[in-house]
Amino acid sequence: IILHNHITDGKIDWNRLKNTVATAVHYLDNLIELNKYPLPEIDQMVKKTRKIGLGVMGYAHLLYRLGIPYNSQEAVDLIGEIMKFVNTNAIEASSELAKVRGAFPAWKGSKWEKRNVEIRNSHVTSIQPTGTISMVANTSSGIEPVFSLVTMRRTFFEDKGNSTGGSMMKVVDPVFEEIAKERGFYSDQLMEKIAEGVPVSQLNEIPADLKKVF
């Protein structure tokens, strides 16, 4: 779930997040059936407990959008609230699926039977680092802070199978770039300073309120 896609009018859209959780749980349960497993034993074990791993990414970008510093108690409290919401609604969605598809086969004797909760999936959430997938989705990874607002990456070219040194490419965090342009302080020179390692707190071009956030 890309968290920063669940903001409406500057606030977390809890109804939209609830709908996303329900859709994602249904999708992940479907995948258990659609996957081709390398061994019959793996197939049996996966379908015995039907574990899914619904996770989140884009938390740092959510905080940027809400104007909350990552290193604040408010940010710690908010991720607790979000994950409690995600977990509760994932359990609810999995329980609804169980009414139609049945509980996972190993339900008998599980903690869920002791709680008298029929559920489709023995486990529903998992926080992944999402390093590559977050790049594809153009968001921040997992619940981690943004590693660098501006980075320099070297591109390489293939010439008849031989890699040759390419050019340096400046990559700016998309949310930081958008806000910088909205607030009118974006410039190539400023981005180069950040890429060179100058702390945001020392840059007079950046407004004080944004220094705290970024």
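Me: Contact means heavy atoms within 4.5 Å. On that basis, which residues does Asp-29 touch, not counting residues up to four places away in sequence?

Reply: Asp-29 touches Arg-50, Ile-52, Leu-97, Arg-101, Arg-120 and Asn-121. Please note that this is a predicted model, in which local features need pLDDT of at least 70, side-chain atom pairs count only at pLDDT 80 or more, and totals for chains, interfaces and linings use all residues. Residues are numbered from 1 along each chain as its sequence is written, and side-chain values use heavy atoms, with hydrogens and water left out.

Me: Where is Asp-29 found?

Reply: Asp-29 lies in helix H1, which covers residues 14-34. A helix here is a DSSP run of H or I with at least four residues, numbered from the N terminus.

Me: And is Asp-29 buried or exposed?

Reply: Asp-29 has a relative accessible area of 0% and is therefore buried (buried is under 20%, exposed over 50%, partly exposed in between, with a 1.4 Å probe and protein chains only).

Me: What joins the side chains of Asp-29 and Arg-120?

Reply: They are joined by a polar contact of 3.2 Å, that is, a pair of N or O atoms within 3.5 Å, one able to donate a hydrogen and the other to accept it. Arg-120 is also among the residues that Asp-29 touches.

Me: New topic: how do the axes of H1 and H4 cross?

Reply: The axes come within 9 Å and cross at roughly 50°. H1 is therefore oblique to H4 (angles under 35 degrees are roughly parallel, over 145 roughly antiparallel, 65 to 115 roughly perpendicular, and the rest oblique).

Me: At what angle do H3 and H4 pack?

Reply: H3 (residues 59-66) and H4 (residues 73-101) pack at an angle of about 120°, with their axes 12 Å apart. These helices are therefore oblique to each other as well.

Me: Which residues meet there, in H3 and in H4?

Reply: From H3 come Tyr-59, Leu-62, Leu-63 and Leu-66, and they meet Ala-75, Leu-78, Ile-79 and Ile-82 in H4.

Me: What about Val-76: where is its place?

Reply: Val-76 belongs to helix H4. With a relative accessible area of 48%, Val-76 is partly exposed. Its C-alpha atom is separated by 27 Å from that of Ser-122, a residue 46 places away along the chain.

Conventions:
Axes fitted to C-alpha atoms, helices over the stretch in contact; angles between N-to-C directions. Helix = DSSP H or I, 4+ residues; strand = E, 2+ residues; numbered from the N terminus.
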